Structure formats: C-alpha cells, structure tokens
Amino acid sequence: MIQTHHLTKSFHTDEIETNAVKDLTLEIEQGEFVAIMGPSGCGKTTLLNLLGLMEKPSSGNYAFEGIQTEGFSEKRMTRLRRGNMGFIFQNYNLVEELTITENVELPLFFAGMPRKARRKHAEDILHRLKLSHRAKHYPRQLSGGQQQRVAFARAIIHRPKLLLADEPTGNLDSKNGTLLLDLLNEHNRSGGTIVMVTHSIKDASCAHRVIQLRDGKMMN
Amino acid sequence: MIRTYISIAFKYLVRQPSYSVLSILGFSLAFASVFFIYSHVSYQNSYDKHVPTWNRVYRLSGAINLPNNENIHALLGPRLSPVMKEEIPAIVQVTRLFPFEEKCIIQAGSQVFFEEQVYYADSTVFEVFPLQFMYGTPGEALLTAGQVVIAESIAMKYFGTADAIGKQLKLNNEKTLEVTGVTRDLPDNVHHKMHILLSMKSLNPAILEQMESGESENYWRPSAYHFILLGEHNSIEEVKAVFPSFYDKYMAEFGNFLKADFQLIITALPDLHFTPQYSYDLPKGNRSYRYLLMAAGIFLLLIALLNYINLLSASMASRTRSLGIFKINGAERSHVYKLLIAESLMIILMSAGIAWFLLTGVEVWFREQFDGTQLNSGFRTGSFLVLILIVFAAFTLSFLLSVISRVYGQPIRLLKGEAGQFSKRRLYGLVKGSIILQFTLSVILIISSLLITRQVQYLLKADVGYTTDNILQVKLHAEGLPVDKILSFKQELKKSPMVREAAYSSNVPGEAMGTAHFKIDVDGQEASKIVSLLAIDADYLPLMEMKFREGRNFDRDRPTDPQGGIILNEACIVFLGLGDKLTDKRIGNIEILGVLESGKYNSLHDQSRPVAMYFQTGNRGYMNVKLNTADIGGALDYIRKNYEAFFENIPFEYSFLDQTVEEMYRNDINQSKLLGIFTFLSILIANIGLFGLVALLNRKRIREIGIRKVNGAQKWQIVALLGRQLLLWVGMALLLAIPVTWYISTLWLQNFATRINFPWWIIPLGGLIILCTALLTTSFITLRAANRNPTETLRYE
C-alpha cells in the first residue's frame, strides 16, 4: 500500500539545514499495523506527516496504493488524503467551536456528502463508541478519553484505507489508553491499515511491526 | 451544504464575541453613515428631475457686463423667450414665470396665508413642465384672466380637499382668482416650486400691454424667469450658435444705450439649484458640500473595511488551529474560502440590518437637528443597499482570500497555531499599514471638519457693520393702505418701554433687493453701474448701530433728503470707484449724504453687495424693532396686538435679525454639523480597529514586556514604549494627511468671498485629537500589559 524510496525531509532555519527524515525507504502492506518509535526529535512525526501527505518531501518518492505523489499539487494531495486517510493526534485536535457530531462528520462534510446522510453516519458511529449522549456537547465538555474517542470516530467515519495516529494515547490515562488501543486493534482487524507513532512500548506491542527511527534514519 | 457553512460561521461569530461585535459595530456605523449620505446626495442629485422633460429644459439668465461690473440676472425681459422661440427652430416651446417681489397674501374663505414662490405663468407652462393634473385640464387651466392652478397640498391646506376646482382665492387683497386646476405635489427638491401658478392674463392690462411692446429694453428689463424646451433631437449648441444674430437683431439697441455687453447663460434644469447665486434668484445649494460628504462616506467605508481587516487579522491568530484541523480532515482551499465568505456575509448582512434600524431610528432626530427640507429625502436605499453589499463583500472577500492563502499552505503549522514567522510579520505589517491609513483618513476628516466649523463661525461672527442683537423684523404687507398707517404703527410701538426704537426698511439682510442703474463718470467716460437699493427711514441706521465713515444720516427736517440724497455702503463706494471726499460728490442730481463704514447685506459667500440707501417709508417691507427687554414673549405679544389692530386680515409674520443672518448660512451650518458627526464616527470606527490591533500587538510583545520588567523597566517606561509606536503612526498619518487636506481646504474655501486664512494650528490639533483618542482606547490594554507580573508573562510563551 505504501512505498517510500529514499524519502528525505529537511528544514531550514537561519542557514542551518536539519534533516528530519533522511533517505528512508520502506514498504507497508495493506492491513498492517505499524508502530514508529524512536527518541524525541528523531523524525517520527515528520515521517507520519509525509505519509499523511501533509508535508511534501524534500527529495525521494512516496507512492500510495501505487500512485506516485511526486509533484502533486496541494489540491491533489488533499483529495488523495481525504478519500483514503484518517488522523488521530495526541492532543485530539477537535474544533472547539463545533459540537461532537459536527466534529465527527467533518471529513464527510468536506467530501461533499449531504447533511442528512452524514449526520446518520455520525450518529451511528457515536452510538457504536457509546458517545451518543455527548452528541450535542462541545469538546471542552468532554473528558480526555472521550475527546480521543471522538477524534477516533472522526478519523474512521469515512472508512479510510490508512489510519495515521500520532501518539494517540500520550495524553490519556492507562484505562482510556487501553480503550483506545482496543479500538485501533478492532479497526485493524476489520481490514484497516494503521501507522502509529508512539513512545510507549506497550502501545507498540499491539503493532505487527515496529520501525525504529534515529536521526531521521530507519534503524531496523 | 450552505446551511452547514452558515451554521459553522455563526458559531465562530458567537465564539469570538469581541471580534464579531467590534466588526459589526464598525460596519453598522459606516453603513448607516453611507446610507444616510447616499440618500442626502441623491436628494441633491435629483433636484428638478421630477418632470419627464427635465433633460430638455433650460433656464435663461443673462450676464450683463458693464465696465468694471458684471451682473448675472436670473430675471430677464418679458419678450426674450417668446421671440427666441420664433427665431430659433431648436426651441419647441418656451414659458415664463413672473415672480412677485415679496410673499403674497392669499385669502381662501376666512383664512389668510402668506405664500412664497407665487408666479404668473404662461399657459405653455405645462408643456415645458408636464405637471400631473389631479383635477382640471392643463391646456385650459391658465388661458384667461383670473385663473389659478394650485398643488394638491395647497388645495388641502386652503380647502380641506384636493378637488378645489371652481373655488375662489383672493390675492393681495385685490384680485379674485378661480381654481382651474390641481396638480400633484412636486417633491421639495425643486428650484422653482410652481405650487401656485396664476394665468399670465391676470397681470394688470397696462403691464401686459407693455410686455408686448417690441422695444429693445423689453428683452433686458428683469421681470421673468425664462424656460426653453428643446426638441428631442436638438442640442443647446444650436441655440448658442444662433443667439449672437438674435442679439444683434433685438437686443443690441438697448445694450448700446447701456454701453453693456450681454452674454446669454443657459442652465440645464438639474444644475439650476447649484449654479452660483444670481441676482433675483432663489437661494441655492452648494455642490462642494455634496462632494465633501461623498468623500466622508467613502472614507468611512474604507475605515470600516480597514477596521475589519485589523479585527480579522487579530482573530486569525486564534483560528489557525481550527483551519489546520479542517485541512487535515479534507478541507480544500475552496472550503475554507466558503466558510470565511459565509462569515463575512453574515457580518455584512447583520451590519446592514443594524444600519437600517439605526437610520430609521435617528431619521427623526436628524430632521429635527437639521431643520430644513434638504434632508427630508426618504431613504432610497433599495438598489444602493444591494450594490454596497456586493462591493463590500467583494472587497472583504478579496482580502480574506489573500490572508488565507498566505497561511493556508502549511497545515501542520496551522495546526500547531503557528502561521510562520514570515506570515506573522506580513500580517502585522498589513495591519500596521491599515491603522496608519485609517488614521490618515480620520485626520483628513478632523482637519476638514475643524476648518469648516471655523469658517462657518467666522461667517456668523464676521463684522457686517451692524448689530444683530434683539432686533425683531415685522413683515409689512400693507398694499393699498396709506403709508401714514405704517408711521402710526411705528409710533404706537415706540410708546412701549419694551421697545427702544423702531425703524422702517424695505428689505432685510440676505433678501433680494431692487436695483438701479447709476450713470457714473469713470476716467472722463460715462459708465452705467447697477447697485442694490434699500429704502429706509431716518431711524434705521441708528437702530442698526451702523457707523458713518463720512457724512450724515437722513434728516426728516430737510425736505430735499427724500428725493435728492442717498447713503452708500462701503462696497458701493469701491464699486462705483468714487474715491475720497465723497460727500462733495453727486451722482447725477443725487447728493451723497453719507458713507457707511461697512454694511454687508448679503451672504459672505459672495462679495459684499453695493447698496444705495434712500429715504422713504413704503407700505411693503419691514418694521425693525429694537427690543429693550428680556421678556421677548411679552414684547412679541405687544407688537402682535398692535399689528393686528392696524392691519386687519394680514397675517403677523416676524423674524429676529440674528436668525435671518444665520439663515444665510443655514446650509453651511447644517453641513458642518453633518461632517462633524461623520468625523466623530470615523474616529470611533478607527479606534475600534486600533483596539483589536493593540490587543494583537501586545499579545505579540508580552514576552518582550516581561523581559524588560525583569530587567528593571518601570511601568511608565513600558507605557511609553507602547505609546511611542502610536505617536509614530499618528505622525505618519499626519504627514500623509497634510497635502490632501491642504488641497481640499483650499478648494472648498474658494466658495467664500470672505474667508479665513488656513489656520495651521488645526493640523497639529487634528493629530492631537487622534492621538488622544488612540491613547485612550489603548490605555486599558497597555496598562494591563504593563501591570502584569513578569513571571506570569514569561511563562505565557
């Protein structure tokens, strides 16, 4: 599903060049659950962003489902991402101004689904995650665990082929962390591909494969 | 989809109340001002455009050029237009309006009214001005003697019904007239009202006969307003081209006698109200105020837009994160645009709604404040509203798009709440620029407003050469009554201790006066000069406290004074070029008895009019009464009682001299007040934007302030640091504003013959006003920043 070939991402600040991801070649199959680990600043999140088409590589190739993304415009990247990927972040990244339902249905809204249909989808998924009673609430009214479950609901509502998670349990207590990992496992079992950045060995143990990064390079 | 966009936009507005409220407030004030200015300007713009023929009708005036003396007469000889129609094929119809010198007394049943703008009109008047008839037939209404056509409102006032056909009116206690037509009212913005039109045949037969005479003077003698109607495919150039030969044929004879040139002035109907003031014309409007107000409107819109830019930029800082989330969840650039478009449209629509509400709310107040019909315009905002909204939406959106596209390309940074150093700097630069521009526009308005107020004050307080305090002017309308009655009335008034003095004059300041041709010897050649005439009695000049430069007042005991003496005002001496030692001189067989030090009888928009005063008491004019009491009501009652005893069936009408003088500048006073209001609003809106900016700026500098405080900076030093920047901006705004203001002011002051020198101190004053309001606006935020505990501020970052 994912092939990268000599993928590099550098940042420039005041004449200093930093390679966050360096010459990275990897392959991820459909249905895999991959964890990316490594010390702070090793380029985990940058790699996730590159895989999620949120940043463009400085050099190298990235193919998603056989589609080479090199030279893609911002619009094409958005469209490819919108149909195929979902995201979960450590700090949930819910829109404070919108209700839980509105947050969950955002990907469907931007995909152009009519209001009634997307509302139905949102209600179904919230029901499945036992969050129906929170549907009309705003993010700040929810606990951290609940917010992350909402973020999970939003990430999978459009049935993405690839779910990208950036330290999803980082802000959660162990009970809620486990709950979320269960959800991720369940999603994986039903055929979803997951790439998760994590510091936690426990979290990484859920994955089929662990990629170790150091100074932007793959160690294993 | 649209519903969702609106719903999200609405939530954003609710969640950022200070941004929404300040944006809406700024736009509402600007919209209300612009709607108001629009309706005011469109009212002025539609002057005399209510008849379908407006673009083919022209009024004729004549510039009569004597040596050293040009005089433009709005009234010309009665033969002029009828003969022009015969001679010039481009003219398909003409009509004349013969005005009365003064207000008319009209009696309807037992009621008596004073009416202005009553005309004798040719029967062709309804061909040139196709007024809408409610009753009667235009072709037959003014054919014979004794016919009158009145407007609907006049019919209602006189008879309580619009159907007044066959009813009778009595004019000036002499002529009986029958109503033969009732027309629909014209709006107030017409130069010649045409609400009471008498048939031309109702004129005295002797005058009618004289009018028909073909002598050359009959083309010159000021007696009628002439209107010509051109054919649909004709141009005014055709008339201009033929006129020189027309002049040679009919008018040159009297012109040669006067040693005068004649230049025909043709004014299109819609321009009539805005041309310079001519002799015998009605009071006019001033287009320069229209342009000033339009400029103020555009400035206000710009300021409001800049204000929105500032507030939006400030709010962008707090919304970049949610934009990042949208983007990661599949939002394309167009989605973000649509969201922001929905938001701006909501702000604009809400503002327009509030502006509409504000306008209808303050309309009544405005009308009371600016007593005058000029603002009585109704709000024709239908199409304009849409236009403004579209223009504004376009402006706002183009800005939004530019802001968004600048920060949009970096979703991950957006997500982290960073818009990138570069974007931040550009955003800040943009906001700073817009604040300076706002200040510049406000300073231009402040300085213009100060200048206009000062000029108007100068006009009101200018030394006109007479006192205006406590002088009551009672209108005399005693045609047909012996002059002795006027004299007895005067003596009766003087008996009261409440009256210090009473004196007769034919006119009051600001009024059109009769004129006379003086034959003067200029450098050995005889020249004819036209001066205004004012009839007064011997008590008038002392009552008005007018001072003599030379000579003496009229003397009742000298029998030659009434026939053989005149007193001239200062302007008259200059105009006639009489030089020094005037009392030795004579004009023809008239002796110059005295010369006044000043004596300005007309509005100071124009050069002081030359006035010659002669000794006579007439039965029309004014009884000027100098009051000797603070009990104005009591004095008025006393005078009214006497008036009614002396002049039965003639309404008692009075005014105070100071009000009469003020009336000459009514338009200036109103417009300067209006400009003052818009200036205030511009400052208010600019400061709303500034508030948003300073909030943003201080957030940006919180860390810097913290470090400075940790390193020993005092509170006042922090305040000074933040204030210095404001000072810099105001300074830049002043620099930008000075050339613009200088240009506008010089242009505007040209409207006044008597004007102030540009007072340079108003420039720093303008700057000071904007600086003070800006400091006041920002002091709260600045003091809060300065008072903050430095450990807290450093932790903030």
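**View 1. B:Ala30 and B:Leu300 touch the most other members of the largest nonpolar core, a group of 76 residues.** This is a predicted model. Seven helices of chain B each supply at least two residues of the core: helix 2 (17-45), helix 9 (287-328), helix 10 (333-369), helix 13 (421-461), helix 20 (666-710), helix 21 (715-749) and helix 22 (762-787). Helix 9 of chain B gives the most, with 17 residues.

**View 2. B:Leu300 has contacts beyond its sequence neighbours.** Leaving aside residues within four places in sequence, its partners include B:Ala30, B:Ser33 and B:Val34. B:Phe678, B:Leu681, B:Ser682 and B:Ile685 are also in contact with B:Leu300. A second, separate core has 71 residues, among them A:Ile100, A:Leu131, B:Ala9 and B:Leu340.

**View 3. B:Leu627 lies in strand 23 (residues 620-627) of chain B.** Is B:Leu627 buried or exposed? B:Leu627 is buried, because 22 other C-beta atoms lie within 10 Å. Not counting residues up to four places away in sequence, B:Leu627 touches B:Asn470, B:Leu472, B:Met498, B:Val499, B:Arg500, B:Ile632 and B:Ala635. B:Glu501 is 126 residues from B:Leu627 in sequence, yet their C-alpha atoms are 7.3 Å apart.

**View 4. Four strands of chain A form an open antiparallel sheet in the order 2-1-4-5.** Strand 2 (16-28) and strand 5 (67-68) of chain A each have a single partner strand, so one side of each has no neighbour in the sheet. Two bridges join strand 4 (residues 59-64) to strand 5 of chain A. Here A:Phe64 stands opposite A:Ile67.

**View 5. Helix 1 (residues 44-51) of chain A lies across strand 1 (2-13), strand 2 and strand 4 of chain A.** Helix 1 of chain A runs at about 60 degrees to strand 2 of chain A.

Methods
Residues numbered from 1 in each chain as written. Chains lettered and ligands numbered in written order. Predicted model: local features only at pLDDT ≥ 70, side-chain atom pairs only at ≥ 80, totals over all residues. Core = buried A, V, L, I, M, F, W, Y, C linked by C-beta atoms within 7 Å. Buried ≥ 20, exposed ≤ 12 C-beta atoms within 10 Å, placed from the backbone. Contact = placed C-beta atoms within 7 Å. Pairing = 2+ DSSP bridges. Axes fitted to C-alpha atoms, helices over the stretch in contact; angles between N-to-C directions.
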